[in-house]
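Subject: Structure handover

Dear colleague,

I am passing on a structure for you to look at, with some notes to read beside it. Please open it first and keep it in view while you go through them.

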Amino acid sequence: MARQVVAVLVYFLVVFANGKAVRENSLNYYLDTVLANAQIIILENGFDPTTLPNATTGFNDTILGVTWHGEAALYDGWLHGISTLYRSGDADFVLSDNIISGISGTFGLGAMEGHYNCLAKFQNLGPIADVTLSNEGGSIIFTAALNHQTCRFEMSSFDLTHITNFHVEIHGLGPLNWILDIVMGLVINTVKTFLKWVIEEPIRNIVNQVMALVDLGPLGPIVGCETQSQGPAVPWKGIPGVPHKTNANSN
Ligand SMILES: *[C@@H]1O[C@H](CO)[C@@H](O)[C@H](O)[C@H]1NC(C)=O
Ligand SMILES: *[C@@H]1O[C@H](CO)[C@@H](O)[C@H](O)[C@H]1NC(C)=O
C-alpha cells in the first residue's frame, strides 16, 4: 500500500528587503525548498531506488572456422541515489527587458549505486554474473520561466549535461570472461541513457509539480508578484502524470 505523502512546504524565514544578498538568499532558499519537497516525492514514487531497464546484446566468436552467436541479458536492475538531487550553486535571475522572466542555475546529483544480474548464453554455457555499478553523480543545468499570471516557475530546460564515469564490476562470467568489455559497455550505455531520461522526464515533472505548489514567499515581490496567502501544507498521495511505481526495496 502506498504511504500517504505529506509535502514539507517549508515556509520562508528570510525577511524581505531589496539588497542583492537578500535577493540571492531568497532565490536559493526557494530552490532548496523546492528540492526538499521534490526529494520526498521522488522517494515516495519509487524513483529511489529506481528499476533499471532490461537490456540485451549479441556477441560471437569463431571457433575452428565456425562462428557461434551468444547473447548477454541484463535484468533485475536497480539504481540508488536519484533523490540526492541538490542545488550545486547560486541561482541567477534571467532578465528580459529589465523584467525578471525566469531563473537559471545548476543542480547536482550525488553518488549513485546500482546492481544488475547478467545472464550470458553461448553454446552450452549460461553463467549468471553479478554486476555492480557506482559513480559520483552528475550535473543538471536548468532554466525556469516565470509565469507572471500564476506567479509560479516552470522548468523550460532541465538537462543532465554531465554524468560522472561509472565504475562497473562484473563477477561470475567464468569461461565467458572474454565478453567482459561487451557486458561493461552494455551496462554503461543502458544506465547512462536511462539516467538521462529519468532525470529529464519524470524527475523534471516532479520538480515542476512542486514549483506549482510552493509559495514564492519573499521571492514574490522581488520577481514582481504579490505574495500569496499561505494555505496549509498540502497532503499528497502522489503526483498526477507521474507513474506510481512500487518497489520491493521501499518498505
Ligand atoms: C560478431 O561480433 C563483432 C563484434 O563483436 C561484430 O562486429 C560482428 O558484426 C559480429 N558478426 C556477426 C556475424 O554477427
Ligand atoms: C526483465 O527480464 C526478466 C528476466 O528475463 C523478466 O523476468 C522480466 O519480466 C523482464 N522485465 C521487463 C520489464 O521486460
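The notes below cover how the model should be read, and then its strands.

This is a predicted model, in which local features need pLDDT of at least 70 and side-chain atom pairs count only at pLDDT 80 or more, while totals for chains, interfaces and linings use all residues. Residues are numbered from 1 along each chain as its sequence is written, and chains are lettered from A and ligands numbered from 1 in the order in which they are written.

The protein chain has a mean pLDDT (the predictor's confidence in each residue, from 0 to 100) of 85, and 82% of its residues reach 70 or more. Over residues 1-18 pLDDT stays under 50, and under 50 is also where it stays over residues 229-251. Where pLDDT is low, the predicted coordinates should not be read in detail.

Strands here are DSSP runs (E, at least two residues), numbered from the N terminus, and two of them pair if DSSP finds at least two bridges between them. Strand β4 (residues 66-80) pairs with β2 (residues 50-52) in the antiparallel sense over three bridges, and in this pairing T51 has W78 of β4 as its bridge partner. Strand β3 (residues 55-63) is also antiparallel to β4, over nine bridges, with A55 opposite L74. The hairpin of β3 and β4 has two residues between the strands, and L64 takes a positive phi near 50° there. Strand β8 (residues 112-122) runs antiparallel to β4 and is joined to it by nine bridges, with N117 in β8 as the bridge partner of Y75.

Best wishes

Note on methods. Helix = DSSP H or I, 4+ residues; strand = E, 2+ residues; numbered from the N terminus. Contact = placed C-beta atoms within 7 Å.
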